[in-house]
Amino acid sequence: MAGLPEDADRIGEEDLPALTVRGILRLADAQLSSATTDLTMVTARRRSAAARLLGTSASVHLAMCHLLGGDWNRAAREVGTALDDEQGRCFDAPALWSLRSVLDAFRGNQRAAETSLRQAQHLAGPMDFGGPRYHTAMARAMRARARGDHRGVVDALQMLAERSAHSERVRIVSTSWLPFLAESLVSCGLADLARAAMEELKSTGDDASNPHLRVADAWLDGRTAEAAGAHEDALGRYTEAVGLLGPGRDIPLIRGLLEIARGRVSAALGRAGAATAHFDSAEDLFTRLGARPFLEECRAERRACAPEREGAPDLDHLLTGREREVARLVGLGCTNREIADELTLSVKTIEYHLRSVFVKLGMRSRRELRRRVQEAGGGDGHR
């Protein structure tokens with residue numbers, strides 16, 4: 001790849017297959033931003049003869065870049081376009097249907113996810129090439145993770161962690177699934193297997209500098225420490241993992257799950273303010289992604305960590321910063337339109353936050369919320 005210009009716009013048609021390979025390798029090396037640039041250039045010229053040599057491989061991996069990078073709408077569009085493209089190779093279709101299944105699952109549409117997965121498995125079944133089965137295994141695992149089924153994640157991904165004839169292919173896609181495998185193995189009480197899986201992946205090549213593998217390593221250490229009650233150590237490793245998800249290699253979904261973990265151990269350490277900030281960050285991430293199952297998971301974790309109190313729940317602990325602002329203005333007697341104008345948001349966004357407040361606090365009416373806010377000192381009872 002050394003002879004390819006760094007500027008993808010300067011690459012001629014004859015080098016599009018090489019540009020595809022460079023994009024895939026950059027994805028494997030956790031260079032999401034650079035991989036996206038390379039693969040976008042190829043897919044923009046998908047009708048050229050050179051681009052057709054690799055079928056829809058560029059689209060498969062570009063969709064994966066968007067999925068990891070948090071642009072799920074673009075990922076869905078890329079999958080749809082590629083599935084409609086007649087130049088796709090037979091083994092690309094199962095990968096595309098698998099990615100569609102993951103997107104559906106992450107958005108909370110389990111029925112659609114199951115339909116897409118069945119189609120992927122149907123297309124992959126007759127093939128003697130193992131690649132599509134790795135994608136269907138990932139789809140099964142991510143559907144399980146969206147349901148909070150850690151045993152299902154382990155069952156689906158264990159085959160990927162074992163040495164096989166396709167170990168190089170496993171390495172290419174490992175950044176997208178290894179953190180989830182490590183998390184789920186520890187959640188199932190199988191920390192030793194998680195460590196073995198990490199060491200196996202790192203032994204297949206010079207991956208010590210790959211930040212996503214280091215994220216998985218830190219996450220694994222954090223979960224292990226947390227399970228042992230070493231909350232300070234766990235917090236340090238979770239924080240280290242978040243720091244590795246920097247510009248050009250951020251995976252918002254994983255960052256959100258790490259923020260939940262940081263909130264959980266902060267609460268265990270008695271640091272209520274820090275716990276609230278971490279849970280707020282996770283909720284904001286999941287809301288932007290449209291990741292409903294993970295948003296619900298975050299709220300359940302927040303409730304579980306809430307301090308036991310007599311009477312009404314703690315507004316500061318249960319609500320995100322934005323939700324607290326909305327609740328405060330309700331306490332002052334503001335209408336949704338007035339709150340929207342005050343916060344420079346749309347009325348629909350205010351309605352969304354207000355519904356979330358009602359669910360978290362177990363309330364049904366605006367009057368009840370206003371009274372609760374005023375009791376907590378968040379409103380003066382008049383406008």
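In this predicted model, Arg 26 and Asp 38 form a salt bridge, with their closest N and O atoms 2.9 Å apart. A salt bridge here is a side-chain nitrogen of Lys or Arg within 4 Å of a carboxyl oxygen of Asp or Glu. The pair links distant parts of the chain. Arg 26 lies in helix H1 (residues 16-28), and Asp 38, twelve residues apart from it, lies in helix H2 (residues 32-44). Helices are DSSP runs of H or I with at least four residues, strands are runs of E with at least two, and both are numbered from the N terminus. Both Arg 26 and Asp 38 are buried. Buried means under 20% relative accessible area, exposed means over 50%, and partly exposed lies in between (1.4 Å probe, protein chains only).

A further salt bridge joins the side chains of Arg 237 and Asp 221 (2.5 Å, N to O). Arg 237 sits in helix H13 (residues 231-244) and Asp 221 in helix H12 (residues 211-227), so the pair ties together parts 16 residues apart in sequence. Asp 221 is partly exposed, at a relative accessible area of 26%.

Helix H12 also holds Glu 226 and Arg 223, three residues apart, about one turn of the helix. Their salt bridge has its closest N and O atoms 4.0 Å apart. Both residues are buried. Elsewhere, salt bridges that share partners join Asp 280, Glu 283, Arg 299, Arg 302, Glu 323, Arg 324 and Lys 360 into one network. The structure holds 25 salt bridges.

Helix H7 (residues 110-124) has 15 residues. From first C-alpha to last, H7 reaches 21 Å, close to the 21 Å expected at 1.5 Å a residue. That expected span is 1.5 Å times one less than the number of residues. The buried residues of H7 are Ala 113, Ser 116, Leu 117, Ala 120 and Ala 124. They cover an arc of only 100 degrees around the axis, which puts them on the same side of H7. The arc is taken from the directions from the helix axis to the C-beta atoms. These buried residues pack against helix H6 (92-106) and helix H8 (131-146). The face turned away from the buried side carries the exposed residues Arg 111, Arg 118 and His 122.

The protein has 21 helices and zero strands. Buried residues make up 51% of its 383 residues.

Residues are numbered from 1 along each chain as its sequence is written, and side-chain values use heavy atoms, leaving out hydrogens and water. Because the model is predicted, local features need pLDDT of at least 70 and side-chain atom pairs count only at pLDDT 80 or more, while totals for chains, interfaces and linings use all residues.

Note on methods
Contact = heavy atoms within 4.5 Å.
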